[in-house]
Amino acid sequence: MLIRAAVTALAAVVGFGLWLGARLNEHWGIYAVVPQVVFMLLAVWGLAGEQRRRWEERRARGVRMSLEKIDALHHRAFDLAVRDLMRRDGFEAERVDGAHDDVCDVRGVDADGRIWVVQCMHKRDGWGGKAIGVEILQRLNGTAQTAHGAQFAVIITNGRFTLPAVERGETYGIHLIDRGRLDLWAAEGRPLWKLLEGVKPARRLPGQRRRRRVVRACRGRGSSTRRRASRRSSGRRGRRSPSGWRRGRGRCAGRRATRSWTAR
């Protein structure tokens, strides 16, 4: 049975090759087009590889910080250091300031538009200080997706984590960077995604960042539009506005419809 299956598969492949050759002989012009297409694809692939290589060289010459300098920082300066390291790796990163930051110290967006929420935990005593427990992981797990819409949640510290925190991080899908990984990231210059398990780098380069399009819809001229406008102007549902509403001419091609208010 195996021999029969192999002979059948070989016959099918040979038959398909003969049929394809006959079809190509009928359309002989394809022999001139195929090499050009292959050459263009190879050129584009080589150019993309050269651009990524040059960007990696510039990234490798970026910000570097030793653990001794990090230990001497203030906790706010540690947030700024994490922000600068993320910018080195191609993120659009900003420090989230304020008391109601929803457990997010630094918010970053990579070239593919993925949102990263980073909680920074600075320890004065470094590895010898108190280990970080599961409480911060529970708080971050409750706000990363709901409050920030993040695809990745990361906790970075110059200290260490407890064993229950490490296990809970695997359960929640929260990435933990302790003192050892921080040394690889800040001092040796490894990119952030190489320190995290199961995270692929962005396919685009920072110069090829995806831009979101804002779609604006135009409303019709029906009576429901006038009723909605009257309710907004009065501040109560179901109550007519003392002033009338007249809509001017508008276009849907990226422009908002002009509106004018006139006394009745």
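Predicted model: local features only at pLDDT ≥ 70, side-chain atom pairs only at ≥ 80, totals over all residues.

Me: OK. How many helices and strands does the chain have?

Reply: There are eight helices and seven strands. Of the 264 residues in the chain, 32% are buried.

Me: And what's the accessible surface?

Reply: About 18400 Å² for the chain, with 54% of that belonging to carbon and sulfur atoms.

Me: Let's do strands. How do S1 and S2 run, parallel or antiparallel?

Reply: S1 and S2 (residues 106–109) run antiparallel, joined by four bridges. Glutamate 92 stands opposite valine 109 of S2.

Me: What about S2 and S3?

Reply: S2 and S3 are antiparallel as well, with four bridges between them. Arginine 107 stands opposite valine 117 in S3. The two strands form a hairpin with five residues between them, and glycine 113 in the turn has a positive phi of about 85°.

Me: Switching to helices. Which residues of H5 are buried?

Reply: In H5 (residues 135–143), Ile136, Leu137, Leu140 and Thr143 are buried. Looking down the axis of H5, the buried residues fall within an arc of 140°, so they line one face of the helix.

Me: What does H5 pack against with those buried residues?

Reply: They pack against S3, strand S4 (152–157), helix H6 (163–172) and strand S5 (175–177).

Me: Now rings. How many aromatic pairs turn up?

Reply: A search of the whole structure gives two. In one of them, phenylalanine 91 and tryptophan 116 have ring centres 5.2 Å apart and planes at 80°, so the pair is edge-to-face.

Me: Where do phenylalanine 91 and tryptophan 116 lie?

Reply: Phenylalanine 91 is in the loop between helix H4 (75–88) and strand S1 (92–95), while tryptophan 116 is in strand S3 (residues 115–121), so the pair ties together parts 25 residues apart in sequence.

Me: Are phenylalanine 91 and tryptophan 116 buried or exposed?

Reply: Both are buried. Phe91 and Trp116 also belong to a cluster with Phe152, linked through ring pairs.

Me: On to charges. How many salt bridges are there?

Reply: The count comes to 14 salt bridges. One of them joins the side chains of arginine 54 and glutamate 50, at 3.2 Å from N to O. Both lie in helix H2 (residues 30–60), four residues apart, about one turn of the helix.

Me: How exposed are arginine 54 and glutamate 50?

Reply: Arginine 54 is partly exposed at 48% relative accessible area, and glutamate 50 is partly exposed too, at 26%. Glu50 and Arg54 also sit in a network of salt bridges with Arg53 and Glu57.

Me: Which salt bridge involves aspartate 89?

Reply: Aspartate 89 meets arginine 59 in a salt bridge, 3.1 Å from N to O. That pair links distant parts of the chain, with aspartate 89 in the loop between H4 and S1 and arginine 59 in helix H2, 30 residues apart. Both aspartate 89 and arginine 59 are buried.

Me: One more: what does aspartate 79 pair with?

Reply: Aspartate 79 forms a salt bridge with arginine 95, the closest N and O atoms being 3.4 Å apart. This pair links helix H4, which holds aspartate 79, to strand S1, which holds arginine 95, 16 residues apart. Aspartate 79 counts as buried at 6% relative accessibility, whereas arginine 95 is partly exposed at 24%.

Technical notes:
Residues numbered from 1 in each chain as written. Heavy atoms only, no water. Buried < 20%, exposed > 50% of the residue type's maximum accessible area, 1.4 Å probe, protein only. Areas by Shrake-Rupley, 256 points an atom, 1.4 Å probe, with all protein chains shown as cover. Phe/Tyr/Trp six-rings, centres within 6.5 Å; stacked < 30°, edge-to-face > 60°. Arc of directions from axis to C-beta. Contact = heavy atoms within 4.5 Å. Pairing = 2+ DSSP bridges. Salt bridge = Lys/Arg side-chain N within 4 Å of Asp/Glu carboxyl O.
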